[in-house]
Amino acid sequence: MLTTGLSALAQTSDSPLAASDGQTVLPYAEQKYRGNVGTTYLNSDPPEFPAPVTAPEGAPNVLLILLDDVGFGQFSVSGGGVPSPAMDALAEEGLLYTRFHTTALCSPTRAALLTGRNHNVSGTGVITELATGYDGYTGIIPKDTATVAEILRQNGYITAWFGKNHNTPVYETSAMGPYDHWPNGLGFDHFYGFMAGDTNQLRPYLFENQTALGTPEEDDYYVSVDLADRTIEWLRNIEAIQPEKPWLAYLAPAATHAPHQAPQELIDQFAGQFDMGWDAYREQTYERQKELGIIPAESVLTGRPESLPAWDSLNDDQKRLYTRMMEVFAAYGLHVDQEVGRVLDYVATLPDADNTMTIYIIGDNGASAEGGFDGTLNENAFFNAYLMTTEDMLDRIDEIGTEMHFNHFPAGWAWAMDSPFQWTKQVASHLGGTRNAMLVKWPARYASDGETRTQFLHVIDIAPTILEAAGIAEPRSVNGTTQTPIQGKSFLDTLADPDAEEVRTSQYFEMVVNRAMYKDGWWAASLAFEPWDPVRGEFDPLTAEWELYNLDEDFTQASNLADENPEILAEMEALWWAEASKNKALPLDWRGAERFSAELTGKPNLAGDRTSFTYFGPLAGLPESSAPDLKNKSFSVTANVEIGDGANGMIFTQGGNTGGWAFYLQDGTLKTAHNYIDVEVFLVESDSSVAAGEHELKMDFAYDGGDETGGGGTVTLSVNGETVGTGTVERTTPFKYSLSENQDIGSDTGTPVTYDYTAPFVFEGTLETVVVDLQG
C-alpha cells in the first residue's frame, strides 16, 4: 500500500520513481493491481483500490500571505506609522525577519516565490505587460521551474490561491486561454481572484478557476473583504471534508497597490495624522525602528533624493492634496491588515492550528513611487508617460479613495514608507526597493515568540523552506519535464536559532536595469533610472556608475564606500555580469512606457494582424491585450441594432476610468466618449435621438497624429449612413488603457469611461453584430 507520497517510494530502492539521491519524478506512477485475477471474483485475490498519495506524516498546513507594494517603514509591525494590529499580534506570536529581500517588482517576486528560482530563470524578469521575447523576460513561468504548489499537490496537499494573479501572460488571460499558465495550471486546485497587476478595489473583474464571474455590484463591496471571506470559506469546507489532509493557501491581496481605496470611516480616522509630511515621517519612523530593535541603534537614516522636494518647500495646496492621499493610503493599509487578520484569527481556531506554518511576506517590493512627484488620480497615467499636476487633481480631492479614480500618492510618500532605506519600488539596486519585512509562525515546531531574525534571505528561499517543512524532496522531473534545480535554500534552521548560519551569502538583483550584487556582506549597486521617471532615454550600462556598501556595518545602506574599495567594487561588478548571464537576466532593456505596446515589442496578440473584428451580440470581459488595438490609429465601430424609443446602454467599450473608449446610447442619444487617462474626457453626441427600429449605428475616429503617439482626431457619428454628430478628441491615451479593465460589448463590466453613465449599463434592445475596423 502507498501510504505517503515521497517517503514510501524513497524506502524502495528498486522503485523506478525514486532516484538514488532522494529526488523523485512527478507525478507518481499509477498503481496497478498486482494480485491474481481469476475467471470470477470468487477465485481471484481480494481487490485493492489504488491508494491515494498522502503527504508525509506531520506535514504542516501552509498559509502563505503576500501583500503588494509595501515599504519597510510603512506598517507599525516594522516601526511605520500605519497601524497593523493583526501583523503586530502575529509578530508577538512568531518571528519577524528584518533582512528579507524581494526583486523590487511584483510579477518577478511572485514567480520567484512560487518556483524557488530567480525571477529571470522563472521567465519573469519584469511584469508580464512589459515582457519581451527573451527567455528571462517572456512573462511565462517555464515548465522546468515547477511551482511549490505543484510539488505539494502531487505529494498529498490540497492547494488554493486567492487574490492577485500577475503571473499569466497578458495575451493568455482571455476565454481562449490556453490555461497552462493560469493558477490551475501552476499547481493550484482552486483559484479565486483577479488576473491583473492591480484592480479597482470596489469594481474588480473576478475569476473562479477559469470561469469569469464578472464585477460585483454590491454597494459596500471591497475586494480585501471578499478575498478574506473566500479564504475562510475554502478552509472551512476542506477542514470539514478531510481534516487530516494538509493544505497550502496562498493569499495575495491587492493592497496596498494602487488604486488606494478604502471605506470612508477608515479614511476619516486618519484625518490630520500625516500633516507632519514625509521628511518628519521618516525621522519618526527611524526613531521607532531603533526603539523596537527593528534596526541597529547605530544605523544612519538615509537622505532624501535630490530630485524629491522637501515637505517644507511645498505650497499649501500641495500639502493639502498630498496629506489627503496619505490618509487614504493609511486607511487602505489598515483595511487589508484587518481583513487578513480575520483569516489569521480563523486559522487559529482550527484543530490543527499549531501545525500550520504561516509565512506572511509584507510586500512584494518596496512602496511604489509610480504616482510621480504630485501623486496621481490615475496610476495608468504614469504608464502612459504622463505625470499629473496638483492643478489636475485639487478640485477632485474629495473623490480620492473612491471607485472614481485609480489614485496613487506622491513619490515623496513612497520614499517615506521605505524608511530608513534609499529609493523605492523598481529600484533593485537599493534596499528601498528590495527589503521587505516577513513574519513566520509554526507553533508545533518552533515556540520562539516575539523574536527577530536577521539572516539575509531572498524570496527564492521560501519554496525550499516549505518543502523541507513538509518533508518533501525537490523533484528532478515534473510532468515529463526535467527541472532546473531550485536555487533557493531552506531557512528552517533560523526559526529555532537566532544565531543560525547565514542561509544566503550571494544574490544578484536586476530590475529595469537597476542592478545590485550581494556577496558576503558587501552590496554593489548601480541605479539606472529614478522610479518616478516614466520617460527613459539613452543609457549605457557598461559605463554606469556603481556604489558599494558594507551591509554588515551599515544596515541602512547609508555610506557609499566605492572610492575606498575599488578592487572590491570591480570584483562585485564582474560577479554581477556573470550572475546575470547565468540567470538569463540579459539582454538589459531600459525602455519605459513604450514596452506596454504589443505592436512595438512584438508580444503575441489574439487580434493578430487582423484589421476587422466581428462580434455577434454581447461579449464581456475580453482583456485589452487580446482585443483590437485602437491606440494611435484611425478606427470605426459599426453596430447593427434593434431598439425602442429612448434606448440606453453600452454598444462597445474598451478601457474604463483610467483611459479608453465608450460608444453607447443614452435616452436615445448616440454618444462616443474618450477618457484621456482620467485627465480629460472628450464627449461627442448626436444632434438628435435615434428612433425606435432597426439601425446601423457607427462611430468613426479619424486619427490625425500621424506617426506620433497620443495624438488627437475627429469622431463622426452616423445612423444608417447619415452623419448625426461630429466632434474633436484633442488627445488620446497612447500606450495602455488599463492593467485590469476589459473590452465589453453590450455592457460595461468595469468602471465607466465617463460618469455620464453608470456601469454595467446593459444595452436595451438587440445587438445583432458589432464590427470594429482598424484603418492604420
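**Exercise 1.** Determine which residue forms a salt bridge with Asp 678, and where the two partners lie.

*Solution.* Step 1: Asp 678 pairs with Arg 396, with 3.4 Å between the closest N and O atoms; a salt bridge is a side-chain nitrogen of Lys or Arg within 4 Å of a carboxyl oxygen of Asp or Glu.

Step 2: The pair links distant parts of the chain, 282 residues apart: Asp 678 is in the loop between β24 (669-676) and β25 (680-689), and Arg 396 is in the loop between α10 (390-393) and α11 (411-417). Helices (H or I, at least four residues) and strands (E, at least two) are DSSP runs, numbered from the N terminus.

Step 3: Asp 678 counts as buried because its relative accessible area is 7%, and Arg 396 is buried at 18%. Buried means under 20% relative accessible area, exposed over 50%, and partly exposed in between (1.4 Å probe, protein chains only).

The model is predicted: local features need pLDDT of at least 70, side-chain atom pairs count only at pLDDT 80 or more, and totals for chains, interfaces and linings use all residues. Residues are numbered from 1 along each chain as its sequence is written, and side-chain values use heavy atoms, leaving out hydrogens and water.

**Exercise 2.** State whether Ala 258 is buried or exposed, and name the residues that it touches.

*Solution.* Step 1: Ala 258 is found in the loop between β8 (247-252) and α6 (264-269).

Step 2: Ala 258 is buried, because its relative accessibility is 2%.

Step 3: Leaving aside residues up to four places away in sequence, Ala 258 touches Asp 198, Glu 379, Phe 406, Asn 407 and His 408; contact means heavy atoms within 4.5 Å.
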